[in-house]
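This report goes through one protein chain, from its overall dimensions to individual side chains. Please have the coordinates open while reading.

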Amino acid sequence: RNLLENVCNSVILIEDRELLYYKMDFPAFEKKKAREDAKKFRDREQFISRNRNPDPATPVGKRVMQYREWCRAYTGRQFAKSNMFTFPDPTPLKGVDPEAKPEDIPLIDMKDVTFKYPGTDVMIFGKKTNCTITAGTRMGIMGPNGAGKSTFLKL
């Protein structure tokens, strides 16, 4: 999310089999999209209430069914947003000075690590690997499928 907020200056959204272009940064897009969706929801709810029991074989009946499905999906997304997980506030680490800078608190310190799966001669890393992750580190682990990202994290 922070990456989108700090990098994007335009958004292309694929929705309802359409490509929608928003020439704005990500926070502005989120606000505009929320307003558009709320208006679309109100408009569709009004249409549905004006056309309570149309024949499903008619164009109006088909539209009511499409709008109902869209409204169900919209309310589901709104519910999911309100119940998103959050991280608890960090608690002090035992044995660590509470005044210490996060970048001075090592959480993971790997030195000269090598690894290969049993029965293979292929090393996950080409050479001995070192890595230090501190309380102040925000790290992304990237690589193609099969490169060893999950294995690295499991070590």
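## Basis and contacts

Two residues are in contact when they have heavy atoms within 4.5 Å. With that cut-off, among contacts in the chain between residues at least 6 apart in sequence, 32% join residues at least 24 apart.

This is a predicted model, in which local features need pLDDT of at least 70 and side-chain atom pairs count only at pLDDT 80 or more, while totals for chains, interfaces and linings use all residues. Residues are numbered from 1 along each chain as its sequence is written, and side-chain values use heavy atoms, with hydrogens and water left out.

## Architecture and dimensions

The secondary structure of the chain comprises four helices and four strands, where helices (H or I, at least four residues) and strands (E, at least two) are DSSP runs numbered from the N terminus. Read from the N terminus, these elements follow the order α-β-β-α-α-β-β-α. The radius of gyration of the chain is 25 Å, well over the 15 Å that the globule rule gives for 155 residues, so the chain is more spread out than a compact globule; the radius is taken over C-alpha atoms, and the rule is 2.2 Å times the number of residues to the power 0.38. The C-alpha trace spans about 70 × 45 × 30 Å along its principal axes.

## Surface and charge

The chain carries 28 positive and 20 negative charges, and their mean positions are 7 Å apart. In this count Lys and Arg are positive and Asp and Glu negative, with His and the chain ends not counted; each charge is placed at NZ of Lys, CZ of Arg, CG of Asp or CD of Glu.

Tyr 67 is buried at a relative accessible area of 18%, and Tyr 74 is buried at 9%.

Not counting residues up to four places away in sequence, Tyr 67 touches Arg 44, Phe 47 and Ile 48; with neighbours within four places likewise left aside, Tyr 74 is in contact with Asp 37, Ala 38 and Phe 41. The C-alpha atoms of Tyr 74 and Lys 40 are 34 residues apart along the chain and separated by 9.8 Å, while those of Tyr 67 and Lys 116 are 49 residues apart along the chain and separated by 54 Å.

## Strand 4 and the cysteines

Strand 4 runs over residues 129-134 and includes Thr 129; Thr 134 is also found in strand 4. Thr 129 is buried with a relative accessible area of 18%, and Thr 134 counts as buried at 13%. Apart from neighbours within four places in sequence, Thr 129 contacts Met 110, Lys 111, Asp 112 and Val 113, whereas the corresponding contacts of Thr 134 are Pro 102, Glu 103, Ile 105, Pro 106 and Leu 107.

How many disulfides does the structure hold? There are zero disulfides, a disulfide being a pair of cysteine sulfur atoms within 2.5 Å. Cys 131 is buried, with a relative accessible area of 12%, whereas Cys 8 is partly exposed at 22%.

Terms used:
Buried < 20%, exposed > 50% of the residue type's maximum accessible area, 1.4 Å probe, protein only.
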